Amino acid sequence: MFKKILIANRGEIAIRIARACHEMDISTIGVYSTVDANSRHLWHMDETVCIGEPAPQASYLNIKTIIEQARRTGAQAIHPGYGFLAENALFVKACEDAGIVFIGPSSKAMILVGDKVASRNTVKRVDVPIIPGMEASSTDLAAYRSMADQVGYPVIVKASMGGGGKGMRIVRSEKELEPSIAAGQREAQSAFGDATVYLEKYIQNPRHIEFQVIRDTHGNVVHLYERECSIQRRHQKIIEETPSPALDNVLRAKMGDAAKSVIKAADYTNAGTVEFLVDHNMKFYFLEVNARVQVEHPITEMVTGVDIVRHQILIAAGGELEFRQKDISQRGHAIESRIYAEDPDSNFMPSPGKILFLLEPSGPGIRVDSGIYQGWDVPPHYDPILSKLVTLAETREISIARMSKALENYIILGIKTNIGFLKRIVDTEKFITGEYDTHFIDDNEEALIPQHDKITQALVAASLVKTTRNAVFAVQSVAKSGQVRHAMTPWQELGHWEICSR
Amino acid sequence: MKYKFEHLNKTHTVEIKKSDGGYQVTIDKKDYDIVNYSGHDNIVSFKLNKELNNIYYAQAGDTIYLAVGGDYYSLVLERGNVFKGTGAQVQKGDSVQSLMPGLLVKIMVAVGDDVKEGTTLAIVEAMKMQNELRAPRDGIVKRINYKEGDQVEALKPLVELEILKND
């Protein structure tokens, strides 16, 4: 087994991985950009290394520096987490060349499945249905136009290296095609460092259901059942649950087998996720393979009892799976809510800034994978995910009630978050009945926008605070008229960051 | 005590008085009786219409952040008529600014360009999300205060426009 692992990520996932390492008696090396010198993931590391400036390209996407630091610190393996370099085949190759184990699939399998176009070609061979679309990306607009004409609008433009909805655009008419491709390329370049996009038929109102698969280097492959990921906003998953309320055991078994055959066909090892779209007639289509540990992996861990990150490390070290398919079952019902720093009152604009007060929920069946702390300044440079709240209960009904209450008891003040929005989702009738698809957020906009019907209570509380808690504030004289007060943003107050201060 | 709080561009007038059993609070001319009040550093609790409320709060400057049963509020205390809330605006007169701090990904115009209302002037990215800044009206680009790749601050003029006069 490894003695030392470098964790090439930040935030809650870096902490999640460090926990697994420490339980396995492996020491951890954390990395950080200059703006992350005070970030919480570093508290969970045995050693920490500054890898550069805040811009992702200069730090968390900097392959050369990360490999160098892994070598220098004597790390035997690198865990990439999700996002950043997690699905970058060049990085996997660089690890292999440097004699460092990449905790994930081989570069060969990564190239095959990590590239969405290549993966479609692989899947075709094993009798798993795919969505009609381009078999290769192109630099020629005419190629996109002719494929769109062939499959018929609406079509969808996707980043070849993509995931999480970044670089994705739905195109409803030929007029929208060119600007959508350009916007998709821009976003793809910035999120994945590769501007390649491709095009396929857009399946309307589908459910998004994925299967977690795990395969060792000895040929053993097991699926850990599905995750229902249809609750999405702008193609970004925000709530996931397992089991899916849409699947029966026959379809579940069929999709599980399909997922395993995709993984085997790609000679993919380690943990991977096979994503499917399921249409109204319960027909399923292969969407893509996510060659990484996923944001939503905890719900699978909750219902199967399998520690996915621990098994990623075991498999990367050449170990054999400790269980077979017959040993795995789903017990209870798990839900995950992703807590993001974004403002539902202003069109979900990112809301970086200082966390003034933090209280995280706890109790039976509650798991919080958090990357934040009170007093921390959330930087504007990275993904807005702050933490993940997961509930487990014996039934779906109780798990939803538990989530609703846990969200109510998740208090983050000082920055805007989507907590209230998430609570309204799980309180919605359509969510409770389980009859939803990927358009749930758009279709239920009215019920989900903040009503602020507790403004009276808020104003009462504010006036009580001002009167009884900080009276000094209340009697402070009013500035003379004509004297303009400037509200300082936290950014103005921050001043300059010291390079690699730590 | 009398306060003015701004919430999402709406101003609420609140007057609070001690009463026999607790406090009387008048909000926008409507009276409420508050009993069983207790206040602590980050939580206050009280009964309003016989219902118990436990409300978490935190303060920074003139802003008070509150969590009320899963609903979130940021109230800005107004002081006289000098400083009117945050009133964050994308356009102030003839300049265009980003609402959020972030990376200036692209400038789509040059000084001297004639732009129509709605023209995308620049793209700013924060937390992997790109926002387009558009011209508030027709005009000519007078000044650009940042260059591509710069980190821009929120609410600082990014592109300044000379507005064409109507005859």
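Colleague: What is the strand order in the open sheet of five strands in chain A?
Modeller: This is a predicted model, and in it the order is 3-2-1-4-5, with parallel pairing.

Colleague: Which strands stand at the edges?
Modeller: Strand 3 (47-52) and strand 5 (101-102) of chain A do. Each has a single partner strand, so one side of each is left without a neighbour in the sheet.

Colleague: Take strand 3, then. How many bridges pair strand 2 and strand 3 of chain A?
Modeller: Five, in the parallel sense, with strand 2 covering residues 27-33 of chain A. Within that pairing, A:Tyr32 stands opposite A:Cys50, the latter being in strand 3 of chain A.

Colleague: Which strands does helix 1 of chain A lie across?
Modeller: Helix 1 (residues 11-23) lies across strand 1 (4-7), strand 2 and strand 4 (77-79) of chain A. The angle between helix 1 and strand 1 of chain A is about 175°.

Colleague: Where do A:Asp307 and A:Arg16 sit in the chain?
Modeller: A:Arg16 is in helix 1 of chain A, and A:Asp307 is in the loop between helix 9 (297-304) and helix 10 (308-316) of chain A. The two are 291 residues apart, so the bridge links distant parts of the chain.

Colleague: Are A:Asp307 and A:Arg16 buried or exposed?
Modeller: Both are buried.

Colleague: Next pair. What does A:Glu200 form a salt bridge with?
Modeller: The partner is A:Arg120, and the closest N and O atoms are 3.0 Å apart. A:Glu200 lies in strand 8 (residues 197-201) and A:Arg120 in helix 5 (residues 116-124) of chain A, so the pair ties together parts that are 80 residues apart in sequence.

Colleague: Why does A:Glu200 count as buried?
Modeller: Because its relative accessibility is 2%, and buried means under 20%. A:Arg120 is buried too, with a relative accessible area of 3%.

Colleague: And which side chain meets A:Glu226 in a salt bridge?
Modeller: That of A:Arg252, at 2.9 Å from N to O. A:Glu226 belongs to strand 10 (residues 221-233) of chain A and A:Arg252 to helix 8 (residues 249-265) of chain A, 26 residues apart. A:Glu226 is buried at 0% relative accessibility, and A:Arg252 is buried with a relative accessible area of 8%.

Colleague: Which residues are linked in a network of salt bridges?
Modeller: A:Glu210, A:Arg227, A:Lys237, A:Glu240, A:Glu275, A:Glu296, A:Glu336 and A:Arg338.

Colleague: Now the whole chain. How many helices and strands does chain A come to?
Modeller: 18 helices and 22 strands. The radius of gyration of chain A is 23 Å, close to the 23 Å that the globule rule gives for 502 residues, so the chain is as compact as a globular protein of that length.

Colleague: What box do the C-alpha atoms of chain A fill?
Modeller: Roughly 75 × 55 × 50 Å, along the principal axes.

Colleague: What percentage of chain A do buried residues make up?
Modeller: They are 61% of the 502 residues. The accessible surface of chain A comes to about 19,300 Å², and 49% of that belongs to carbon and sulfur atoms.

Colleague: Among contacts in chain A between residues at least 6 apart in sequence, how many join residues at least 24 apart?
Modeller: 66% of those contacts do.

Notes:
Residues are numbered from 1 along each chain as its sequence is written. Chains are lettered from A and ligands numbered from 1 in the order in which they are written. This is a predicted model: local features need pLDDT of at least 70, side-chain atom pairs count only at pLDDT 80 or more; totals for chains, interfaces and linings use all residues. Side-chain values use heavy atoms; hydrogens and water are left out. Two strands pair if DSSP finds at least two bridges between them. Helices (H or I, at least four residues) and strands (E, at least two) are DSSP runs, numbered from the N terminus. Contact means heavy atoms within 4.5 Å. Axes are lines fitted to C-alpha atoms, for helices over the stretch in contact, and angles run from 0 to 180 degrees between N-to-C directions. Buried means under 20% relative accessible area, exposed over 50%, partly exposed in between (1.4 Å probe, protein chains only). A salt bridge is a side-chain nitrogen of Lys or Arg within 4 Å of a carboxyl oxygen of Asp or Glu. The radius of gyration is taken over C-alpha atoms; the globule rule is 2.2 Å times the number of residues to the power 0.38. Accessible areas come from the Shrake-Rupley method with a 1.4 Å probe; for residues, only the protein chains shown count as cover.
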